[in-house]
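Work through the exercises below with the model open beside you. Try each task before you read its solution.

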Amino acid sequence: MSGDMVQIFSEFIGTLILILLGGGVCAAVNLNKSKAQNSGWIVIAFGWALAVTIAVYIAGMNGPAHLNPAVTIAMAVDGSFKMSLVLPFIIAQLLGAIVGAVLVWLDYLLHFDATTDKGAILGTFATGPAIRNYPANFITEVIGTFVLVLGLLAFGANKFADGTNVFAVGGLILAIGLSLGGPTGYAINPARDLGPRIAHFFLPMKNKGDSDWAYSWIPIIAPIVGGLLAVGLFHFMK
């Protein structure tokens, strides 16, 4: 494969791993008869932070390991990423997220069958607001992604020992989840939400409910806005 194709495939694999592990911790906490059921928000926040860390290590062998359309778009606007690769990266990220969500479903198949709470099932796949108020929910996702992208840009401007910057990224995700994730579940990544939501829509789960498409635009648009705002502030500070 060409260098560009290797990077695109790495985005697919990395995002697949991200959702497999991140969605997996949501399934572990939310679904009936799981040994981790009701273990709480702290477990979810740490699970997602570790999911990002491991996925970035895997995808970062052969590419920038964005794993997030909001990051890809922000880096292209920043000038540190080729504009011609934006759409292929986003497609790869979305497809990886769908496949990752399907693998979570297969891994927890018996537990999905044992769960009748439609909200818990959807929450394994996609984010949703604790209090549904679209302007407030939008702002929350903008703020979370703003912190994410600003942190990533700042990491890039600092020196790390080889391989250690990934731990800083994991810590950033953990901080966002613990501090800012309560209102909406911190999608901060359009692929992380849309891909699994699509999987939820088509997978044959006997107890599933609506995929909540009315909310789905917020974790798509708001992270992109937050990322672009972070790029603007970063360049102002330089």
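The exercises go from the whole chain to single residues.

This is a predicted model, in which local features need pLDDT of at least 70, side-chain atom pairs count only at pLDDT 80 or more, and totals for chains, interfaces and linings use all residues. Residues are numbered from 1 along each chain as its sequence is written, and side-chain values use heavy atoms, with hydrogens and water left out.

**Exercise 1. The overall fold**

Task: State how many helices and strands the chain has, and say how compact the chain is.

Solution. Start with the secondary structure. The chain has ten helices and zero strands. Helices (H or I, at least four residues) and strands (E, at least two) are DSSP runs, numbered from the N terminus. The pattern along the sequence is therefore α-α-α-α-α-α-α-α-α-α. Next, take the radius of gyration, computed over C-alpha atoms. The radius is 17 Å, close to the 18 Å that the globule rule gives for 238 residues, so the chain is as compact as a globular protein of that length. The globule rule is 2.2 Å times the number of residues to the power 0.38. Finally, the C-alpha trace spans about 50 × 40 × 30 Å along its principal axes.

**Exercise 2. Inside and surface**

Task: Find what share of the residues is buried, and what share of the accessible surface belongs to carbon and sulfur atoms.

Solution. Of the 238 residues, 49% count as buried. Buried means under 20% relative accessible area, exposed over 50%, and partly exposed in between (1.4 Å probe, protein chains only). Now turn to the surface. The accessible surface comes to about 10600 Å², and 70% of it belongs to carbon and sulfur atoms. Then look at contacts, meaning heavy atoms within 4.5 Å. Among contacts with a separation of 6 or more, 78% join residues 24 or more positions apart. Last, count charges. There are 11 positive and 11 negative side chains, and the centres of the two sets lie 5 Å apart. Lys and Arg count as positive, Asp and Glu as negative; His and the chain ends are not counted. The place of a charge is NZ of Lys, CZ of Arg, CG of Asp or CD of Glu.

**Exercise 3. Annotated spans**

Task: List the residues that UniProt gives as "transmembrane region", then check the helix content of residues 85-106 and 214-236.

Solution. The unreviewed UniProt entry lists residues 12-32, 38-59, 85-106, 134-155, 167-188 and 214-236. Such annotations may be inferred rather than shown by experiment. Residues 85-106 are 95% helix and 0% strand, with end C-alpha atoms 32 Å apart. Residues 214-236 are 83% helix and 0% strand, and here the end C-alpha atoms are 36 Å apart.

**Exercise 4. Helix α3**

Task: Explain why helix α3 (residues 69-78) is described as largely enclosed.

Solution. Count the buried residues. Eight of the ten residues of α3 are buried, so the helix is largely enclosed by the rest of the structure. The buried residues include Pro 69, Val 71, Met 75 and Asp 78. Now find their partners. They pack against α4 (86-107), α7 (134-156), α9 (190-202) and α10 (218-237).

Definitions and conventions: Accessible areas come from the Shrake-Rupley method with a 1.4 Å probe; for residues, only the protein chains shown count as cover.
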